[in-house]
Structure formats: structure tokens, C-alpha cells
Amino acid sequence: MKFQYILELFGTGFFAVSGGLVANRKSNHDWFGVSFIGFITAIGGGSLRDMMLGSYPLSWIGDINFLYAILIGILLTRLFYNQLIKLQKALFLFDSIGIAMFTILGVEKTLGLGFNPVIAAIMGMFSAVMGGVIRDVLTNEIPVLFRKNIYASACLAGAIFYLILDYFNCVRNINIAGSMSLIFAIRVLAVKFNITLPQFKTQK
Amino acid sequence: MKFQYILELFGTGFFAVSGGLVANRKSNHDWFGVSFIGFITAIGGGSLRDMMLGSYPLSWIGDINFLYAILIGILLTRLFYNQLIKLQKALFLFDSIGIAMFTILGVEKTLGLGFNPVIAAIMGMFSAVMGGVIRDVLTNEIPVLFRKNIYASACLAGAIFYLILDYFNCVRNINIAGSMSLIFAIRVLAVKFNITLPQFKTQK
Amino acid sequence: MKFQYILELFGTGFFAVSGGLVANRKSNHDWFGVSFIGFITAIGGGSLRDMMLGSYPLSWIGDINFLYAILIGILLTRLFYNQLIKLQKALFLFDSIGIAMFTILGVEKTLGLGFNPVIAAIMGMFSAVMGGVIRDVLTNEIPVLFRKNIYASACLAGAIFYLILDYFNCVRNINIAGSMSLIFAIRVLAVKFNITLPQFKTQK
């Protein structure tokens, strides 16, 4: 549990970094606006998940450490902005770890509240991607869901994989490691080999 | 109750079709993104209503049949895409039935939870239109509320009509049929005769 | 309490005015769409705060007077539209009073529910600014947070100021007056002297 908690704090902080970097790309944003967007990005997915499940208090409201994680994330973004911008590759890897982690955390939390596994899979995906979706809506960008094709679908695939292993009584830690690796691998390979999902229906 | 439940499932599936068709009009969307938007469109209005009322679990979280309805809706959209695009008129009629149905379902649910009739009217309208509003925000379109003038207002009118008949102890089934027909009629006639509401205040 | 309640109703009505004016600037909006946006602007911040805190019923759902305040606000916007448009200065002052008031009301409500003061500060700010953020998202504008720099930050500063005085057992009425004045003063002076916060990180 300890390790999972530390991972969750780390992931929250990282989402704050990701939100801050995206917000700052738009011009004329002061440090407060950028921090605000970083904050919303970090708490958005988990908050929406918990509000849909009626699970109160929301993680960051019940445990102040999440706010510290976000503050540290934003501070690091400011201090190492130039390096972070250059480290696009490292950032992408961290982001992929982040969504993998949040997906499985969301699945486990939803299952723990007694909901149906199908709901858990959806909520796992929501936890991972909705912070970014809200960030994009607030900064008037086309939501990430529509730009990077293999993104939410990788999360959903990993969530379903976790649930299948769980159904067959796989040891929890192995399951977490395996399904997180799957999400990570799908996304990294998809970007490396430029794999995209087929279009829904080609326009004529 | 049985009939109402089937109608609600049908309506949810239809909203998924509507969301999928709108999402696919934007270019470069893969099947996952289109399905995701279809899903959000279908659950958005009812979820927001229930989250505002504090009524848990949300319909689709407590009853997995709603997810099946959405899946079928998205599948049908994919299979019959070309036909659906041509059947704009049929689609419009289905959409009008859908919002009429969701309005009255929302009104009845809110009343059943013991809230004020005025709140029930607003929640009825929210149930019907908010899925579409969220869909438009996510796809970066001007929300439907501002494009098709007689839309939310038809829902609100029908909701108020239901509440008035209810106040005078009208038989429930007759009331449902009557107020749904009113919403349907207002919207269809408004589009047919190109009736719009007056502007709030003309710009000079 | 009486005075605070009247202030809250007045502030809700004013947010409806503000929402209506912004919505009407966009072309082709009928009176219903403009009123709808006014309504959402007025209830958005407080509703989001209460939904995040799990505090039900939402203010306007539990007390119908808030709807009357919104209706009156929208009616006055329609009747005195030309005058209001000319009174940009008066409007700005009213808006500044409105956000100051909502910030402190949000802080007090959150504290009253037993949450951490840091959460209370964030929720105070959310109460004040989120109605406007939702309004801007729905009308497809860049959220106000990114246009007027000293806006949410003034609310957060006032909220923190309130919490510090509260910690030192300052008399409540004096504290409310002082922290609201601080928010008001920061915003008015920032606009008058064109003060903005530094950018997060200048683009190269």
C-alpha cells in the first residue's frame, strides 16, 4: 500500500507538470494561470471519477499531501522549464507511466467500492485521461483524445487486462505490474511505430 | 415502468448514435475517439443531473444495461453510417423523440426524489440537453444551445406543461404522452417553419 | 446571517447579469440561450464547489430564492441592457464585489463542513471564478482566468488573508469585511494601474 500511495502522489505531481507545460505554451499566461491549469490537470481525472462514483471526500480534499505533490510539480516545472522542454522524450515516458498508474489505481478503487468490473474499467480510463481532457477544454485545444490516437484506448485495454487477470486470481502485485506495463508498452510502441487506430468511418 | 425503462435504454442508445455521428464529422477521428464521444453524449445529461441532485449510483453505473444500449448504438452507427447520414430527417425525428423522453424522465426522477417542481423542470431540461452540450464542448463546437434555437426551450416548455398537468392530478401515462408530444411538436414545427425565438437584445 | 444571505442572493443575481451580458455579445443568441448562460454562470461556481465537497443539496436546489434572484438578474439585464453596456465601470465594480463575496462565502462554507483551511481557500476561489470559467467554455471563449490576470489570484489572496485572521481569532464580521475589501482592492488597483502577474516562463 505504501508503494502505491507514493506512486499516486508522484503521478499527481507529474500531471501538474504536464498541465503546466501545456498551459505555458499558450501566450500571455502568468504564473498563476499556469499553476491553476496544472492543478486542475492533476486533480481533474480522479475528482471526476470520485464524483461520478459518489465517493467522498475526493482524494486531494481528504489528504493534503496531494496538494504538496502538485505544488512541488509546478515548482519543478518552473525551475527546470528549459530542460523539460528539451526532454520531450523523457516527458513522454513519464506521462505514459502516469496514465498507466492512474488507470490501475482507478480500477482498483472502483472495484474496492463494490462496483461492476465493467464500470471499473471505464473509471480507470477516466481517472487517467479526464484531467488532460479538462486541461484541453480550458485552454481551448482539441482534447488530447482526438489528437493522439492511442491514448485512452491503451488505458482501457490495460484496465480490461487487469480485470481478466484479477478474475483468474492473479497475485495483485504481479497483476498491477503486468497491466501497467501493457498500457505503457502499447502507448510507447504506438508512438514509436506511428500506429493509429482505424478511422471510425472515412468521410467521402 | 417496463415501457419507460425500455424507452430510457432506447433513448440512451440513440444519444450514442447522435454523439458518434457528430464526432465523426470532425476529421482524423479513430473509432475509439468517436465511440468515446458517443458514450459521453449518451451518459452526460443524466449523469450531470444525478450528480447535481446527489442521487447515487448514476443510472448507467447502477445498471449495466445502459452500457449495452450505448454499445449497440455505436455499432449501429458504424454499420449503417452511410444510411444514417442520408436519413437526416429520420435522425432529426429520433433526436426529437429522445430529448422529449429524457426531459420527462428527468422531471419524474427529480420529483420522485422529493425536490421542488421548479427544480424538476430545470433538471428535466438538463437531462435532455447537457449530453449534447458536453459533446459540443469536447469537439470544440459552439454548443447546440446556441445553434438550434428551439431546443432546450422546447424541453423546458414540455417539463412545465407536465408539472401543470401533474398539479391538476392528470393520469400519469396521459401526462407523459401529452408533454412528450408537446416537446416533439414544438421542435418539429419550429424547424419546419424556421421559427426562432427573438434575440435577447440586438447588437447595435 | 441575514445580511450574508441577502448578499449571497444579490451576488447570484449579479453573476446572472454578467453571464447574460457576455453571452449576448456573441451573435445570433436568442433570449433563451442568453438566459441559460446567465443561469449557468450564476450557479456554476457554487454548484461545482458543493459537488466537490459532497455537500447536498446544492444551494440553489435547496432554496428556490436563488432562482428568483437569477430571474430578476436576467430581467434587469434585458430591461437595462443599453445602460449596463455603457456602465462598464459600474459593472466591473459590481463584479469585483461579487467575486470578493463569493470567495469568503465559499471559505466559510467549506470550513463549516469541517474541511482543512487549505481546501477552504481553494474552494473559496473556485466558488468565485468557476461560474465564469464554465460560461467562457460554453461560449467558446478563452477562460477569463487567462485573460484578466489578477482575478482568481486576488480571490485566493483574500481567502488566505481571511484564514490567517481567523486563525488569530479575529472577530468574524471584521474579518469578512477586511478580506472582502482586500480582494476588491487588489482587483481594482490591478486594473487601474494595469498590474499583471509575471509570466510563468517566457517563451523563446
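Trainee: How many residues of chain C are in contact with chain A?
Mentor: On the chain C side there are 22 residues, and they meet 22 residues of chain A. Two residues are in contact if their C-beta atoms, placed from the backbone, lie within 7 Å. Please keep in mind that this is a predicted model: local features need pLDDT of at least 70, side-chain atom pairs count only at pLDDT 80 or more, and totals for chains, interfaces and linings use all residues. Residues are numbered from 1 along each chain as its sequence is written, while chains are lettered from A and ligands numbered from 1 in the order in which they are written.

Trainee: Which helices supply the side of chain C that touches chain A?
Mentor: At least two residues each come from α2 (31-53), α7 (117-138) and α8 (152-167) of chain C. α7(C) gives the most, with three residues. Helices (H or I, at least four residues) and strands (E, at least two) are DSSP runs, numbered from the N terminus.

Trainee: And how do the residues of that side divide?
Mentor: The side of chain C that touches chain A has 14 nonpolar, seven polar and one charged. Here Ala, Val, Leu, Ile, Met, Phe, Trp, Tyr, Cys and Pro count as nonpolar, Asp, Glu, Lys and Arg as charged, and the others, Gly among them, as polar.

Trainee: Moving to the fold, how many helices and strands does chain A have?
Mentor: Chain A has nine helices and zero strands. Its radius of gyration is 17 Å, close to the 17 Å that the globule rule gives for 204 residues, so chain A is as compact as a globular protein of that length. The radius is taken over C-alpha atoms, and the rule is 2.2 Å times the number of residues to the power 0.38.

Trainee: What percentage of chain A is buried?
Mentor: Buried residues make up 52% of its 204 residues. A residue is buried if 20 or more other C-beta atoms, placed from the backbone, lie within 10 Å of its own.

Terms used. Buried ≥ 20, exposed ≤ 12 C-beta atoms within 10 Å, placed from the backbone.
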